[in-house]
Amino acid sequence: MAPSLPQFSATRMRSYIFRLPLFTRAIVTIIIALWILSYQTVWDVQQWGALIPDEIGLSTMYRTNTFPLIHAGFFHCFMNLIALTPLLERFEAEFGTLTSVALFVGPLSTIPALLYTFIERGILRMNTTILGASIWVFTLLAMEAVKTYKTNPFFQLGDYKIPTWITPFVMVLFVTFLVPNTSFLGHVCGLAFGYGWGLGYLRFLAPPEKILRWIEGKMNLLGRLPHYVSVDQKTYGRFGVLPSTTPTTDSPMGYVGSSQRLATDFQEASNVNPRRNPLLFKLPPYLSFLCVVIGIGWLLVLPLNDYSRRTYISENALLPGQVHTYFAGSDQHVFRGYKHEINALQDKSNVEVNNKLEEFFKASGLKVARQKYEYKSAGETHSGENIYAILHAPRGDATEAIVLVGAWINTDGSINRGGVSLVLTLARYFKRWSLWSKDIIFLITADSKAAPQAWVDAYHDAHQSPGIESLPLKSGALQGAIVVDYPFDHRFESIHIVYDGINGQLPNLDLLNTVVSIANGQMGIGVSIQQMWKHSESYRDRLQTMLRGMMNQGLGHASGPHSSFIPYHVDAITLRPYGEGWQDEMAMGRVVESSFRSLNNLLEHLHQSFFFYLLMQTNRFVSIGTYLPSAMLVAVNFTIMAIFLWVKSGLPQPGKTDEAPKAELDDKTKLAKAQNEASVSLVVELSNGARERELFLPLAIVAGSQFLGVVPLYIFNNTSQKVLTHVFTAFAIANTILPLILSLILRRYFSPTAQQYALIKSFSLLLLGLFLSSLATLNFALAFLVGLLAAPLTYIQPIPSNSLLSLVSKFLVFIVLSASAPTSVLVAGSWAWGVNVKDILTQAAFGWDVWRMYTQVVVWCVWWPAWVVGGVLLFGKPRTKDGVLKMSQ
């Protein structure tokens, strides 16, 4: 007889609605009433009650309770009511009406809301508004999932056992991808509370039943209120789970199908099982080590001629060095006049300087505007005023522009006398020519760090008001920018090109090739990069240049005013004259003029050449397709070990073999009864000797360590620079003993087995490999450096023995582990660069607040959690459970 689908019954639906308990009815009524009110225009219900992180304060704390009751429209309200009503009815029927009121009006709404506000505003620095009852839906789903997990730990798809507790998280992912304008973070915060309640960690938030009974008795709530559920009227067994049908871990839920029969036949027919081959389990550690070695070797061969290429111009419209430059003669007297005026302004304030500069620009016939800015970072305030002028192209339509930048204070803290004078002179010079097809913006910033970022953000309307003023005067889309850093008075020998951007981003290679071709080929001026003043084109110099470039990209900081332009896809570089030679300011001006003439020829944005590359010297590079495998190999090392540990954790326990007497072969196929209210089915359970993996504790530890990374990220980005040294010292000391403390707590309260330790390491390495392989495509240098420093974590494992040799081994491994900690690497870097740790942390906080630098996120939320897990593993002591999993590698 074919199974029949359940039919909709209006009578049953009406009966169900009329049997809803009191609090559930109240919530449904309030949600519908607020949805109806949202259509009137007198009072903005959504603005009043939505959870807006930036507006949460003591006077607006009510938003943490009202946001689940307010919805954006009919569909949003209807779907949430459909999902919430049965879950809320179950909760109220189990815990009572008073408990439901206390929890949903209090911690069940407030705690997820405050957690979301803290992450959204304090960490991500965003202000995404959320509303709707879906956060309650996923909270209640997480509670139900934990209860289901206790009775049915997993369901089986073929040979794979999937824990039932992950169902709500999978639903969150589906909703995030399929439903637009949903908040993944808000739903995860709801899940976090639900899991905490289901596991019993948050049950203390519920009011005591003794007090509730006293209130019920005094007020006679059960007699006065219809549909009221008292504390003593909790319903059990309401989900149809009877003791006689409760499945055990030995009889998993499953889906019956022909694939299982085929799998059984295949296993019976196969005499060779690769998963039992001991040789395969000896290869992964060596293969992992080999990946690291090959990755390093791959990087070291890149400077060779066989693996690198000579640079070339991809955009034919640039025509570098094909025009005659006329910047000379009388313009030199103009330059010296401006320089004399600049020298007289060196002791003046920023406003007084800009007043004088404004006179100069207006005298050249340009439109002038100013912009004030203010940033706060590490207890310091960075403020000032930018001034800029726009030369409208006689042959253009103001849809494109090129920027010439001269910071008043350069990156070394010196007054940029020659650079500012050259910008003023070129502004006067360019005004005389009618050949420009693009507008030219002459920008003079107050400094080289905060000021360029404020101007570029405001130009693209991405600034934060009121700290950053909007620009009163704009032009078209920026096609390129050149920064002149010329702080000295004497003649120079060569030009140093600085091209590194924020977070390892780089300008289009054609821009560098154009300037190098103009300076070297047309002007006869030497060019250098990465402070390699005397490059001999040897392997050693090429390797050193490449490694310096990787270090700058890996740190992710701004190397000059040009770095602020690159995140907005505006190709930019900084030109810095250096050395003692016979080149003067006119030669520098002609390089800039010819470069602007080339950019003026562009018909579209630079795009044909490379954006991902490593330069060995000014005329030799490697592209991403050549260097990326080195970082990928280092990241694959973690993935290989993670898969190896996962497979090994599911192997039969030591002492058990795959061979069995013939009489026992029939026991490999068991029949388990799956009983429910409607039908009885037979499920074939495969017994292939694999052990069930205990996943909850390993996943909780790895997830907890990932979230723990938020602590140092927040501390070091929000601490005043005055106490940064003391805070870092305290954190470094605490960081040394933190793995030991966590390991002792883990052993004391949870006593993990060897299998669980293997899974902890597997999940940690899997995440590390996943993050680094993804990061390598965005910031190759950072991914490679972090992967190399974290490579020892691949071979960390518990040393449970208390013998003298084991203690010595554990101590030596701990020394290596401590030396590779992020705090130790930071101290070693400060010593190598000759700077204070406080200066590095202050610069990092500035990069986080101003440049949107994500290096700290990688260090504290990717690398450091994996290091903490490695320390926990080192001090771990597996509990024997029917034999100990051998973790030797």
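The legends below describe close-up views of a predicted model.

Residues are numbered from 1 along each chain as its sequence is written, and side-chain values use heavy atoms, with hydrogens and water left out.

**Figure 1. Overview of the chain.** The chain contains 31 helices and 16 strands (DSSP runs numbered from the N terminus: H or I of at least four residues for helices, E of at least two for strands). Of its 889 residues, 50% are buried (buried, under 20% relative accessible area; exposed, over 50%; partly exposed, in between; 1.4 Å probe, protein chains only). The accessible surface comes to about 42200 Å², and carbon and sulfur atoms account for 62% of that area (Shrake-Rupley method with a 1.4 Å probe; for residues, only the protein chains shown count as cover).

**Figure 2. A nonpolar patch on the surface.** Phe169, Val170, Leu173, Phe174, Phe177, Leu178, Val179 and Phe184 form the patch, with about 780 Å² of accessible area together. Residues of such a patch have over 30% relative accessible area and no salt bridge, nonpolar side chains (Val, Leu, Ile, Met, Phe, Trp, Tyr) being joined within 5 Å and like charges within 9 Å; a salt bridge places a side-chain nitrogen of Lys or Arg within 4 Å of a carboxyl oxygen of Asp or Glu. Helix 9 (residues 167–178) gives the most to the patch, with six residues. Val170 is found in helix 9 and counts as partly exposed because its relative accessibility is 32%.

**Figure 3. Packing of helix 9 against helix 10.** Helix 9 and helix 10 (residues 184–198) pack at an angle of about 170 degrees, with their axes 10 Å apart. Helix 9 is therefore roughly antiparallel to helix 10. Axes are lines fitted to C-alpha atoms over the stretch in contact, and angles run from 0 to 180 degrees between N-to-C directions; angles under 35 degrees count as roughly parallel, over 145 as roughly antiparallel, 65 to 115 as roughly perpendicular and the rest as oblique. Contact (heavy atoms within 4.5 Å) involves Pro168, Phe169, Val172, Leu173, Val175 and Thr176 of helix 9, and Phe184, His187, Val188, Leu191 and Tyr195 of helix 10.

**Figure 4. A positive phi at Ala378.** Ala378 is not a glycine, yet its phi is about 55 degrees. Ala378 is found in the loop between strand 5 (367–377) and strand 6 (380–391), and counts as buried at 6% relative accessibility.

Note on methods
Predicted model: local features only at pLDDT ≥ 70, side-chain atom pairs only at ≥ 80, totals over all residues.
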